[in-house]
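Here is a friendly walk through one model. Have the viewer ready and follow along.

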Amino acid sequence: MAYVEEKLTKELPTHPSFNEDVGDGNIYYNHNKLDNSSSLEETANNDCVPGKESEETIHLPTLNDEHDGGYGWLVVLGAFMVQITSFGVISSWGVMQDFFNQTLFKDNEAALIDLSFVGTLSLICVNGFSPIVQVAVSRFGLRPVMILGTIFIVIALEMASLATEIWHLYLTQGVLFGVGASCMYVTVMAVTPQWFTKNRGIALGIVAGGSGVGGLVVPFIITPLNRNFGHGWTYRILGFICLVCDIIACVFVKERVASPQKKKNFRQILQFDVLKNTDFLIFAIGSDIALFGYFVPLFFIPAYATYLGLSDSQGSSIISVCSAMNCIGRLVVGYLADRIGKLNANIIFQLITAASCLLIWTFAFDYPAMMGFGIVYGFACGSYFALMSPISVEILGMEKFPSGLSLLLLFNLFPVFGSNIASAIEAGLKPTPFLTYKLFPGVAYLTGSLVLVYLKFRRNKNPFAKI
């Protein structure tokens, strides 16, 4: 054992995942803690065999596991701003969609379905460009990529102000905005967990709450602007707001330990061997099934409010309250995750989401009932976005987390078509108007929750275990 300890001591500094932070005198290892010393002894025994190289990763406990806070909270602030300008704007697309459907494209009977693809394209680009963004960060650094993303977002919204056809919106708010949002969102979601360990759940809950704040504020901004000035000035002012928020992000967001710029290819960024981890694969499948329903209410509540005879202000108010509760819910689920377990908290909130669609929205035919649905749905629906990073870290470890995050975002490409699938079912079956939009997200969240329940008992058969 003396030989083994000497060997480990000599080889540790050259290990590729070893990080030394000389600024505060602490040494950190990007590995999980050992449950007991037996794993170390087993690894050591393998190293003692002459001529045999151990293929197992050596997991050593960190010397300081309480490095939460400090500058990390400024990183949280910057990432919070990014959420406002990315998913906060995307989740408010339903308001613009309803406005275009009633004004510019009111003579087009298929406008509502066609316009829904604008939000879909944004989500496709946010998720689909994640590997490209990570390659760009590895080659050029974090800040240049974020500056480029800021430029794309602002140009996209300014160009959308000139749109006169639906395909103009596909190219501007759909593709260009989505690429810019991907440059910002993927970067901050990969960096923020580096700054936290004990409080990682609440920190990422705050970050994820930015989309809720954006979804709260943006509808109140764009509704009166649309009514008084038209969509042109609405997009110009929204572009300026995004510019200010993203400049704050570019200033504050940085890596905890600066990594050298290396040319990485897609194989290094997307390490598909993480899919050999069955728990991670189950988590991705269950989460994506639930996400098929996430954007359906957000995109179609304004149109449903118009169908009920409510005013555009009332429809926007429901979306705003839903987004405000989304922000609160993500904070709460992050807080609970650190105490009852991240997977447990996610399952509870997804079941609440399913119940809100199946038991509240299905029977909501007036403003108070719709507001009640918006409160409950908004509070619970965003748990995945708050917990995707900490759950992935818990399953994979920090070393494989970046690859896991990239794959999760790629898998999220499939659920973005949820609103389009719901629209196709609605158009094909011609049920009671909007019934499909009510049932589809509820069934999706319920099915996804059952998959995650299976994962919970797979990891620990004790129903009260902190998972």
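This is a predicted model: local features need pLDDT of at least 70, side-chain atom pairs count only at pLDDT 80 or more; totals for chains, interfaces and linings use all residues.

## A pair of packed helices

Let's begin with helix H8, which spans residues 142-160, and helix H9, which spans residues 166-191. Their axes lie 8 Å apart and the packing angle is about 155°. Angles over 145 degrees count as roughly antiparallel, so H8 and H9 fall into that class. Their crossing is left-handed.

Which residues make the contact? On the H8 side they include Leu142, Val145, Met146, Gly149, Phe152 and Ile153. H9 contributes, among others, Leu169, Thr172, Leu176, Phe177, Gly180 and Cys183. Sorted by class, this contact of H8 with H9 has 19 nonpolar residues, five polar ones and no charged ones.

## Cysteines without a bridge

How many disulfides does the structure hold? The count is zero. Take Cys242: its nearest cysteine sulfur belongs to Cys245 and sits 6.6 Å away. A disulfide needs two cysteine sulfur atoms within 2.5 Å, so Cys242 is in none.

Is Cys242 buried or exposed? With a relative accessibility of 2%, Cys242 counts as buried. Cys250 is buried too, at a relative accessible area of 10%.

## A positive phi in a loop

Finally, have a look at Phe434, in the loop between helix H20 (418-429) and helix H21 (435-459). Phi of Phe434 is near 70°, a positive value in a residue that is not glycine. Phe434 has a relative accessible area of 10%; buried means under 20%, so Phe434 is buried.

Notes: Residues are numbered from 1 along each chain as its sequence is written. Side-chain values use heavy atoms; hydrogens and water are left out. Buried means under 20% relative accessible area, exposed over 50%, partly exposed in between (1.4 Å probe, protein chains only). Axes are lines fitted to C-alpha atoms, for helices over the stretch in contact, and angles run from 0 to 180 degrees between N-to-C directions. Helices (H or I, at least four residues) and strands (E, at least two) are DSSP runs, numbered from the N terminus. Angles under 35 degrees count as roughly parallel, over 145 as roughly antiparallel, 65 to 115 as roughly perpendicular and the rest as oblique. A crossing is left-handed if the near helix is turned anticlockwise from the far one by less than a right angle, and right-handed if clockwise. Contact means heavy atoms within 4.5 Å. Ala, Val, Leu, Ile, Met, Phe, Trp, Tyr, Cys and Pro count as nonpolar, Asp, Glu, Lys and Arg as charged, and the others, Gly among them, as polar.
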